[in-house]
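Please look over the two chains below before reading on.

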Amino acid sequence: MSDLQTTQEVSAAVIDALIAKHRQQPGALLPLLHAIQDTVGYVPESCYISISKALSLSVAEVHGVVTFYHHFRTHKPGRHIMQICRAESCQAMGSEALEAHAKKCLNVDYHQTTADGAITLEPVYCLGNCALSPTVVIDDEIYGRVSPAELDALITEVKVSEVKA
Amino acid sequence: MVTKVYIPRDSSALAVGAEKVAVALAAEAKSRGLDVEIIRNGSRGLYWLETMVEVATEQGRVAYGPVKVKDVASLFDADFIHGKAHALSLGLTEEIEWLKKQQRLTFARVGITDPVSLEDYLAHDGYKGLKNALKLSAADIVKTVTDSGLRGRGGAAFPTGIKWNTVLGCESEQKYIVCNADEGDSGTYSDRMIMEGDPFVLIEGMTIAGVAVGATQGYIYIRSEYPHALAVLNEAIDAANEAGYLGDNVLGSGKTFNLEVRRAAGAYVCGEETSLLESLEGKRGLVRFKPPLPAIEGLFGKPTVVNNVISLATVPIILDKGAQFYADYGMGRSRGTLPIQLAGNLKHSGLVELAFGATLRELLYDYGGGSASGKPIRAVQVGGPLGAYLPESQFDTPLDYEAFAKLWAVLGHGGIVAFDDTVDMAKMARYAFEFCAVESCGKCTPCRIGSTRGVEVIDKITAGKDRAKNIELVRDLSDTMLNGSLCALGGMTPYPVLSALNHFPEDFGVSSAGLSSEAKTA
């Protein structure tokens, strides 16, 4: 419980600082939400009120923007995020099989996190890597021409990195 | 003597290990005591050969690829530093047939220069266009762009000069240049390649646009899926600001142009210009009614030029070499060149810039090398997820806006996605509706509701329920979406759906597109 409170307090201070940094920008809401998610990992609903006050918006407007865009999350994701491209070019190169394989291996569906909290699986629609489909992104790394076997290797790599950490 | 070695920093090259190759190559050079300077260039666009490593020799740049980390030691053993032969040798880069046959105008520098080196940009004809533009009147800059015949490369193909002229004619204390870099169409990556491989050409194009219409602030609205492009752009903008190519006194002209990059947040519909403007204003990306046109009431209600990356990145060469030089390329009303992106199931996918007029067949087979799987190419989707599917019988169509329009198809942003004969076209039609449902902004009913109903009806057809009746229903629904949607998302989703149905009825369980096989036999 005390841990949770500490996290919340830190978040509030961090978020206030980000608000102060971005509030004067024209069209500040998206840059601010990006900054929050980049820092905290997601956009906690608890910060809607302070954002709405700073930008003279209603809480509903802030909520509307956060939930309109696929990129923003309102809940803490797994320690790693795996995105699989579902767009046409990747489909032409077998992404459907790759998706099915990933869901089976990780035992999750899209927008879910593995039981150990390690990996959140997300769909994505085009990463501009269409010349080397199918494409997978893990955290900040992009991978092209990914076969199910290579996906297994990437998942193993994530697990190994977790053990080391 | 220092040897220059080029290893791309392009996202797709990184996706097949370019970073690891660069690290390994640097380490190997060091351990052998060789003086090697590694330059992280853009990609030449021959993606099946990535990671393509080039070395500068007296004869010119020599290429090797696809290079993996395990090949690095053997490259040094073979003395690649002096361009010597190796199993992965591709010869002189400029002599590679695939590249040599192209007409690279917009992509003239991509893969050649160091993307973030202003010095390198200037050494390769950079900023000549802006320097010429600063000597012209605003009206003459706009006239040059109009006379070049350049049409919006984002997909709508609206004449760029006409759009600029509208903004030029508006009286306002503030105007904006907005670059639409929300390249969300599957099968397209030319915007990304420019931003990662030659960001200064986009910056220069936007600056010229600003000078031409009297806008002092520019925004590049870039997809959040393009983190590498974002980083390169910001680095280049800093360099341009520092050297006086951006800022309050552009090249001592007394003119102001400031530029900022804004990240999108994963909404496909924000590639639509009015939705993009809403998003830049910090709102949900809801499509606006038109009129008013963004050129008259755009960002924050001010006159705004909204152009695609490729349109803006083509402006510098037009101002450098003249309207006629550019207009001499192309066919009919499609003037200049189109950077075509080959994608999907092709052996040799990559960037092919050619004058308008090449046929799909040339691109799929002469450049694309046929399917990657070795199976026959059955269908191609041109122009992104809202583009029509074309069957083999239409592969001789020239790439020209009007020729495609005649087939009830679109060129769009020039992306070509090939599918082999394992594709299920009913599934692709279903996907088109599903994608529309996921990405709809929700403002208009045909798109918001129609997309979901479309998925359901396709499911009934593939399940064999009342096929004739349900195919009629899909056509009726498509008609409503085509004519009743606010923007191209709902309005063009019927293109992939109906083209799949019309050209590949057998995948929907019917022998001709109107009737089900049961109905026929009955």
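The briefing below goes by topic.

This is a predicted model, in which local features need pLDDT of at least 70 and side-chain atom pairs count only at pLDDT 80 or more, while totals for chains, interfaces and linings use all residues. Residues are numbered from 1 along each chain as its sequence is written, and chains are lettered from A and ligands numbered from 1 in the order in which they are written.

**Confidence**
- The model has ipTM 0.95 and pTM 0.96.
- Chain B has a mean pLDDT of 96 (the predictor's confidence in each residue, from 0 to 100).
- Residues 516-522 of chain B stay under 50 in pLDDT.
- Where pLDDT is low, the predicted coordinates should not be read in detail.

**Contact between chains A and B**
- Chain A puts 35 residues into the contact and chain B 44 residues (contact: C-beta atoms, placed from the backbone, within 7 Å).
- On the chain A side, H2(A) gives the most, with four residues (helices, H or I, of at least four residues and strands, E, of at least two are DSSP runs, numbered from the N terminus).

**Strand E16 of chain B**
- Six of the six residues of E16(B), residues 415-420, are buried, so the strand is largely enclosed by the rest of the structure (buried: 20 or more other C-beta atoms within 10 Å of its own, with C-beta atoms placed from the backbone).
- Gly415(B), Val417(B) and Phe419(B) point one way, and Ile416(B), Ala418(B) and Asp420(B) the other.
- E12(B) pairs with E16(B) in the parallel sense over four bridges (pairing: at least two DSSP bridges between two strands), and Ala343(B) has Val417(B) as its bridge partner.
- E14(B) pairs with E16(B) in the antiparallel sense over five bridges, and Ala379(B) has Phe419(B) as its bridge partner.

Note on methods: Two residues are in contact if their C-beta atoms, placed from the backbone, lie within 7 Å. A residue is buried if 20 or more other C-beta atoms lie within 10 Å of its own, exposed if 12 or fewer, and partly exposed in between; C-beta atoms are placed from the backbone.
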